[in-house]
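I open this notebook to record what I looked up, entry by entry. Each entry begins with a topic and ends with what I found.

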Number of protein chains: 2
Amino acid sequence: MDIEREIRVRAEEIDALLSAYLPPEEGLQRTVLSAMHYSVTAGGKRLRPMLMQETYRMFGGREGVVEPFMAAIEFIHTYSLVHDDLPAMDNDEYRRGKKTTHAVYGEAMGILAGDALLNYAYETAAGAFERWPDHPRVGQALLVLAKKSGVYGMVGGQVVDVESEGCADMTREKLDFIYRLKTGALLEGAMLIGALLAGASEQECRTVREAAGAVGLAFQIQDDILDVTGTPEVLGKPIGSDEKNQKSTYVSFEGIEKAKEDVAALTEHAIAQMNSLTVKNEFLVELLRYLISREK
Amino acid sequence: MDIEREIRVRAEEIDALLSAYLPPEEGLQRTVLSAMHYSVTAGGKRLRPMLMQETYRMFGGREGVVEPFMAAIEFIHTYSLVHDDLPAMDNDEYRRGKKTTHAVYGEAMGILAGDALLNYAYETAAGAFERWPDHPRVGQALLVLAKKSGVYGMVGGQVVDVESEGCADMTREKLDFIYRLKTGALLEGAMLIGALLAGASEQECRTVREAAGAVGLAFQIQDDILDVTGTPEVLGKPIGSDEKNQKSTYVSFEGIEKAKEDVAALTEHAIAQMNSLTVKNEFLVELLRYLISREK
């Protein structure tokens, strides 16, 4: 399987889906609608909707009900980047080589565009009630989406990350918390919502969550490893930024060798979990393996 | 009926309900949880949950299913104030005589506390699926909540308001848009969700929406009138701020006499709508009348 090609094909399909779900850029509030479009279409790997869709397919999901949730989770991911980039947060002018939303539209519109995307994510997901009124799992999926995005999910991780910046008292407990929530929670939510909507059993959902948790953690640790071992040419961003920013990472706590071992162990654990299921999705397993062992 | 006393009693009950729905201030992310508590318990008239509850009661609603939605709509109202007060937006250090959230917790935490409240609003509302799995209208109510809060509701109004600040090209069309959406949308959403959850018919929902729309508009116009005719002692804030800030208001477009006439006409229209229903809630009608004719 040419995994990079397969990923690219799916990412393009998801790009089209996102554009179709975004509201039209018209009306008196069109500035914020343009800012929403700008931030969502600025690129990205589309991992969260891709993981959701593949997990949905794995459990035999065939209806379109997963689509509004795929759009919603990417809108939530995007709003979090828009707010993260704000001057009062990371103060980034560029992301993936493009101007950040507040750099183009101004700070007030950056805040409002993030708010609008977050609201629109829930509006999009809740739209599934109208189109699939008899689907038994839409409410449950919406609750998972909110939990994984909020103060016990992504936002909780962002808060501890912001508070830990430049502080000498980073602990392993805090680092694990940030890794588990800031990125891990939405990845977990993505796979769990896919499984739920396809009608997976409680036991199957537990297995998916377990695998997704290991993937999320390994994904973060790999990020730390690449910041030390990667080359700027391949990564497309400067390396050594964590050390320069005196940022505590998994690598600074455990050393590079242990970090690599742990990524390998988490990967094997995640894949073993997925392989323990009676249903199969070869692409999904390859995608997980690729995500974790990626070199950029 | 001693309407002010009745309102006070209900507001206190709603304060208790909000405290019960707020997440506990514990865990590594406790700073943001404290900021959420701080902003929600900083006071406020609790109009939106009150209107929702009274409309629910009016249509014979007896279950607790309205309660998570009452909490959710007040969390959304609160997040919007927290973000509105940010330095990049209105840059307010005080609200209702208390320090604003970002003034106490810093700007980054102000952004994240708003985000957390917005997410938690949906988490709270979606929690109704678990507790009332057989209620037929929870999904519909959630969709109304999202629509009225987002880019075609409150956020849309905020955007046009922010863009119009200090601009000479305010038009009646823009002013109506801001009034209808920035404040009106959530008031409308509040009453509509109350009606929906109580099982009101489509026709009844239309009537409630019509009344709520008139109330929202009259409420805003009355605000403009009080900025001209009120006394700082009664209002608890300086008067003449709109003129000082060269802000276009309903009064500057229509003149004070026409504005007063329109408030009276909108009030009568709203109350006539409510009285056209076969169900009655005397307190709700008095509340609407009070809101519109208030002197502070």
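The entries below go from the pair of chains to single residues.

**Entry 1: the two copies**

I note first that this is a predicted model. I asked how chain A is superposed on chain B. A rotation of 180° does it, with 0.0 Å of shift along the axis and an RMSD of 0.0 Å. The two copies are thus related as by a two-fold rotation axis.

**Entry 2: where the chains meet**

I looked up how many residues are in contact between the chains. I found 44 residues of chain A in contact with 44 residues of chain B. On the side of chain A that touches chain B, the elements giving two or more residues are H2 (30-40), H6 (107-131), H7 (138-149), H8 (154-164) and H9 of chain A. H6(A) supplies the largest share, 15 residues. By type, this side of chain A divides into 26 nonpolar, eleven polar and seven charged residues. I also compared the two sides: 100% of the interface residues of chain A are interface residues in chain B as well, so the copies meet through the same surface.

**Entry 3: a pair of helices in chain A**

I turned to helix H9 (residues 172-197) and helix H10 (residues 202-229), both of chain A. Their axes are 8 Å apart, and the helices pack at an angle of about 145°. The crossing of H9(A) with H10(A) is right-handed. Among the contact residues I list A:Tyr179, A:Leu187 and A:Met191 from H9(A), and A:Cys205, A:Val208 and A:Phe219 from H10(A). The residues of this contact divide into twelve nonpolar, five polar and four charged.

**Entry 4: the nonpolar core**

I recorded the general point that in soluble globular proteins nonpolar side chains tend to be buried together. In this model the largest nonpolar core has 189 residues. The residues with the most contacts inside that core are A:Val32, A:Phe69, A:Val215, B:Val32, B:Phe69 and B:Val215.

I then followed B:Val32, leaving aside its neighbours within four places in sequence. B:Val32 is in contact with A:Val151, A:Val155 and A:Val159 of chain A, and with B:Met109, B:Leu112, B:Ala113 and B:Ala116 of chain B.

Next I took B:Phe69, which is found in helix H4 (residues 66-84) of chain B. Is B:Phe69 buried or exposed? It has 29 C-beta neighbours inside 10 Å and therefore counts as buried, since 20 or more are required. Not counting residues up to four places away in sequence, B:Phe69 touches B:Met52, B:Ala125, B:Ala141, B:Leu145, B:Ile193 and B:Leu197.

**Entry 5: A:Ala141**

A:Ala141 has its place in helix H7 of chain A. A:Ala141 is buried, with 27 other C-beta atoms within 10 Å. Beyond its neighbours within four places in sequence, A:Ala141 is in contact with A:Phe69, A:Ile193, A:Leu196 and A:Leu197. I also checked A:Ser248, which is 107 residues from A:Ala141 along the chain; their C-alpha atoms are separated by 34 Å.

**Entry 6: Arg46 in each chain**

I looked up the backbone of A:Arg46, which is not a glycine and yet has a positive phi of about 60°. A:Arg46 lies in the loop between H2 and H3 (47-58) of chain A. With 22 C-beta neighbours inside 10 Å, A:Arg46 counts as buried.

I repeated the search for B:Arg46, whose phi is positive and near 60°. B:Arg46 lies in the loop between H2 (30-40) and H3 (47-58) of chain B. B:Arg46 is buried, with 22 other C-beta atoms within 10 Å.

Definitions and conventions
Residues are numbered from 1 along each chain as its sequence is written. Chains are lettered from A and ligands numbered from 1 in the order in which they are written. This is a predicted model: local features need pLDDT of at least 70, side-chain atom pairs count only at pLDDT 80 or more; totals for chains, interfaces and linings use all residues. Copies are superposed by least squares on the C-alpha atoms of residues with pLDDT of at least 70 in both. Two residues are in contact if their C-beta atoms, placed from the backbone, lie within 7 Å. Axes are lines fitted to C-alpha atoms, for helices over the stretch in contact, and angles run from 0 to 180 degrees between N-to-C directions. Helices (H or I, at least four residues) and strands (E, at least two) are DSSP runs, numbered from the N terminus. A crossing is left-handed if the near helix is turned anticlockwise from the far one by less than a right angle, and right-handed if clockwise. Ala, Val, Leu, Ile, Met, Phe, Trp, Tyr, Cys and Pro count as nonpolar, Asp, Glu, Lys and Arg as charged, and the others, Gly among them, as polar. A nonpolar core is a set of buried Ala, Val, Leu, Ile, Met, Phe, Trp, Tyr and Cys residues joined through C-beta atoms within 7 Å. A residue is buried if 20 or more other C-beta atoms lie within 10 Å of its own, exposed if 12 or fewer, and partly exposed in between; C-beta atoms are placed from the backbone.
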